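Subject: Structure for you to look at

Hi,

Here is the structure I promised to pass on. Could you open it and keep it beside this email while you read?

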Amino acid sequence: MPDSLYCLVVDAYESKKASLARQVQTAHLSQFGIQKDTSNLFRKRPETRAAKIDVRHFNQVLQVNPQEGFVEVEGMTPYAALVDETLKHQVMPGVVPELKSITIGGAVSGVGIESSSFRHGLVHETILEMDVLLSSGDVVTCSPDNEYRDLFYGLPNSYGTLGYILKLKAKTQPVKGFVHLTHHRHQNAADFFLGLEEKCNSDADFVDGVIFGPDEFYVTTGQHTADAPRTSDYTFEHIYYQSIRNCEEDFLTTHDYIWRWDTDWFWCSKNLGMQIPLLRRLAGRKRLNSTTYTRIMRWNARHDYAKKLDRLRGLHTESVIQDICIPIGRANEYLEFMFGEIGILPIWTCPARHLNIRAPTPLFPMNDDVLYIDFGFWDILKTKTPREAGHFNKLIEEKTLELGGAKSLYSQSYYDRDTFWSIYNEPQYRALKEKYDPGGRLRDLYEKCVTAA
């Protein structure tokens, strides 16, 4: 980007930042949140009368610097736009969460993962610097080595309760145009987890896996390549997760690899009938994406049509939407529990490491120097027998705690207050809260993230 153009975009950002800061400083608000167009939170949130400040216009990519390996971007920029801009410069963000509507600021404050996380860590570990709006209206720049170091490391998993991210400087990685995929089948869990670990110690650029059943496991590796004899298209008539079982080798453009899960919301589009060929064609390519499915889901959640229909059929339902990180040494135990007590299939598995053990993330308990396996599973469980609210989710939380795992807080949680704070480091959180939000103008993490049973 020419220097003159960069100066213009930075000036525009600084003007927006100053205006927002004045708005917060002069507003007589006891508590406030942010107004935004998208959300990838899957939990019921209590109604709040807190005022909303509009940060939707902080959604621009300011600079891509492939030579130095970073991108400057505003916090409300969705990854769809960020990826499009970085790919023009033959780079991509170090870690790109799997859904297009996720914003980069949200992926830091809410924790993000993908198939490059075994090498680059979670999204927040690819961040070099952040501008953060505090509840006072002040905007501070935090980095790993400045006076706001504690905020830099405390923001992941804080969900906007310490401040809102307005701008970030994030690492990028070079791309070559295509990704060469190889799907390796395993017939038992022990071999599968061993295979995941072996591939994480190879020269692969991407590693993840899918569990289809007790004897059907796939480890998928991806490698950047400049040449592809052919490329597959999973953005319309063909479905990516089904291809894993049907071909050992595949090639995708880098763009299509990054968004391979978005078209069908992993496999959850089946719950909306979008894997039926006729309905798929009627919907059209442009509507087959996570943004469409999220809108439908939220519309249904407002009216509970699906739940009312299930009740008429004598069924009791519970939404189970979870991402659970487990140390690989306990992953087999966790999977046995999933098979025996929960029964949701398929399950996505994504290996990840915490890269800098000398700089732990205090609010997310995934700081050991081991490989973790993220288990992603998302479905509605239906039973003839009535159960207490959150029955299956509570079982998942108990097993996660028992095995030393970490649960993402983007979905419903049922922890009691004491258990929650024993996991998510209340002393450190209280210290950060007192320093950066002493007036309590931003909500408390427990109040924001936990659904009361």
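Below are my notes on the sheet, the helices on it, and the side-chain contacts.

First, the ground rules. This is a predicted model, where local features need pLDDT of at least 70 and side-chain atom pairs count only at pLDDT 80 or more, while totals for chains, interfaces and linings use all residues. Residues are numbered from 1 along each chain as its sequence is written, and side-chain values use heavy atoms, with hydrogens and water left out.

**The sheet**

Start with the open sheet of eight strands, which has antiparallel pairing and the order S12-S9-S11-S10-S14-S15-S13-S16. Helices (H or I, at least four residues) and strands (E, at least two) are DSSP runs numbered from the N terminus, and two strands pair if DSSP finds at least two bridges between them. At the edges are strand S12 (249-253) and strand S16 (406-407), each of which pairs on one side only.

Have a look at strand S14 (residues 347-353). With strand S15 (residues 371-383) it pairs in the antiparallel sense over six bridges. Threonine 349 is opposite phenylalanine 375 in S15, and cysteine 350 is opposite aspartate 374 in S15. S14 also pairs with S10, again in the antiparallel sense, over three bridges; there, valine 210 has tryptophan 348 of S14 as its bridge partner. S14 is mostly covered, with six of its seven residues buried (buried means under 20% relative accessible area, exposed over 50%, partly exposed in between; 1.4 Å probe, protein chains only).

**Helices on the sheet**

Helix H12 (residues 331-342) lies across strand S10 (206-213), strand S11 (216-225), strand S13 (316-327), S14 and S15, and runs at about 5° to S15. Axes here are lines fitted to C-alpha atoms, for helices over the stretch in contact, and angles run from 0 to 180 degrees between N-to-C directions. Helix H13 (residues 391-402) packs on the sheet too, touching S13, S15 and S16, and its direction makes about 15° with that of S13. Contact means heavy atoms within 4.5 Å.

**Aromatic pairs**

The count comes to 28 aromatic pairs. The rule: rings of Phe, Tyr and Trp (its six-membered ring) pair if their centres lie within 6.5 Å, with planes under 30 degrees apart counted as stacked, over 60 as edge-to-face and the rest as tilted.

One to zoom in on is tryptophan 267 with tryptophan 378, a tilted pair at 5.8 Å centre to centre and 40° between the planes. Tryptophan 267 sits in the loop between helix H8 (254-258) and helix H9 (277-283) and tryptophan 378 in strand S15, so this pair ties together parts 111 residues apart in sequence. Tryptophan 267 is buried at 2% relative accessible area, and tryptophan 378 counts as buried at 11%.

Another tilted pair is tyrosine 334 with phenylalanine 375, at 5.1 Å centre to centre and 45° between the planes. Tyrosine 334 is in helix H12 and phenylalanine 375 in strand S15, so the pair ties together parts that are 41 residues apart in sequence. Tyrosine 334 and phenylalanine 375 are both buried.

Ring pairs also link Tyr234, Tyr240, Tyr241, Trp261, Phe266, Trp267, Trp348 and Trp378 into a cluster.

**Charged side chains**

There are 21 salt bridges, taking a side-chain nitrogen of Lys or Arg within 4 Å of a carboxyl oxygen of Asp or Glu. In one of them, aspartate 150 meets lysine 435, with the closest N and O atoms 2.9 Å apart. Aspartate 150 belongs to helix H5 (residues 149-154) and lysine 435 to helix H15 (residues 426-436), so the bridge ties together parts 285 residues apart in sequence. Aspartate 150 is partly exposed at 25% relative accessibility, as is lysine 435 at 46%.

Arginine 417 and glutamate 447 form another salt bridge (2.7 Å, N to O). Arginine 417 lies in helix H14 (residues 417-423) and glutamate 447 in helix H16 (residues 445-449), so parts 30 residues apart in sequence are tied together. Salt bridges that share partners also join Glu114, Asp208 and Arg260 into one network.

Back on helix H13, lysine 399 and glutamate 402 lie three residues apart, about one turn of the helix, and their side chains meet in a salt bridge (3.3 Å, N to O).

Cheers
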